[in-house]
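Student: I'd like to go through this model with you, starting with the ligand site. Could you walk me through it?

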Amino acid sequence: MKAIIAGTGIEEIINKDFRTYSTEYGDVDAAIDGGIIYILRHKSGHTMAPHLINYRANAKFLEDMEVTHAITTHAVGSITERLLPTGIGIASDFIDFTNGRASSFYDGVDRPLESFAMNDVFDDELRFQVIRASVERGLRISPQLTYITTNGPRLESKAEIRAFRNWGADVVGMTMNPEVNLIHELKIKLCSILFSINWAAGLDEEGISFIEGESRKKLVRTVLDIAIDALSEV
Ligand code: HPA
């Protein structure tokens, strides 16, 4: 089984039979179709704020369903020119700037205490397939981006974005951690596709404006098509 964990907007775009499934860590809203599990990261109706998402339940559901390969998709804000708004890219590393989120299965409570390496979270073969699927659609994608996860739900200050840029972050979002570290702990092969919907705070003279409406829908649809295509080849 393969899986896609996706964010805002996918429920309207992929017209599937979403249901609530339960796991040891809580409920997950997902649809299962054609060998792919589609998980609504923010639950049905986008009700769960990024800092309140049950990341462990979503990841545990992948383990319960014997998922071997997963793609996570994330809307982000652009910090560097390596990913411009409307652009699509792939994460190669992250900075976890969150707090208070349950970020491990192996914390000595349910499973033995273990410190996992985080230098090989993303899978090369899946990444190659995402690049192939993009190129076949005539899209240039940015193959190597560093994502910083902020806690949200507020957006960042201008000074925070300047600091994050100095730390080496290319894009900012609120959902990569602990999602990818949890999936990595479960030894599931993973690729994270990012799409930018705005310049981060302080980088656009006119303030923060998000790509919305039909252009946003089209971007989400393209990212999903790439993910489904990539998963079909692994
Ligand atoms: N900041 C944090 N998360 C985001 C942004 C942003 O600018 N854009 C999309 N997700």
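This is a predicted model: local features need pLDDT of at least 70, side-chain atom pairs count only at pLDDT 80 or more; totals for chains, interfaces and linings use all residues.

Student: Which side chain has an N or O atom 2.7 Å from a nitrogen atom of the ligand?

Tutor: Let's take the polar contacts, meaning pairs of N or O atoms within 3.5 Å. A polar backbone atom of G77 is 3.2 Å from a ligand nitrogen, and a polar side-chain atom of E156 lies 2.8 Å from a nitrogen of the ligand. The side chain at 2.7 Å is that of N198.

Student: Which strand gives the largest share of the shell around the ligand?

Tutor: Strands here are DSSP runs (E, at least two residues), numbered from the N terminus. The shell includes A75, V76, G77, E156 and N198. Its largest share, three residues, comes from β5.

Student: What is the angle between the planes of F97 and F164?

Tutor: Six aromatic pairs turn up in the whole structure (ring centres within 6.5 Å; planes under 30 degrees apart count as stacked, over 60 as edge-to-face, the rest as tilted). F97 sits in strand β6 and F164 in helix α4 (helices are DSSP runs of H or I, at least four residues), 67 residues apart. Their pair is edge-to-face, with 5.2 Å centre to centre and an angle between the planes of 75°.

Conventions:
Residues are numbered from 1 along each chain as its sequence is written. Side-chain values use heavy atoms; hydrogens and water are left out. A residue is near a molecule or strand if one of its heavy atoms lies within 4 Å of it. A polar contact is a pair of N or O atoms within 3.5 Å; within protein, one must be able to donate a hydrogen and the other to accept it, and residues adjacent in sequence count only if both atoms are side-chain atoms.
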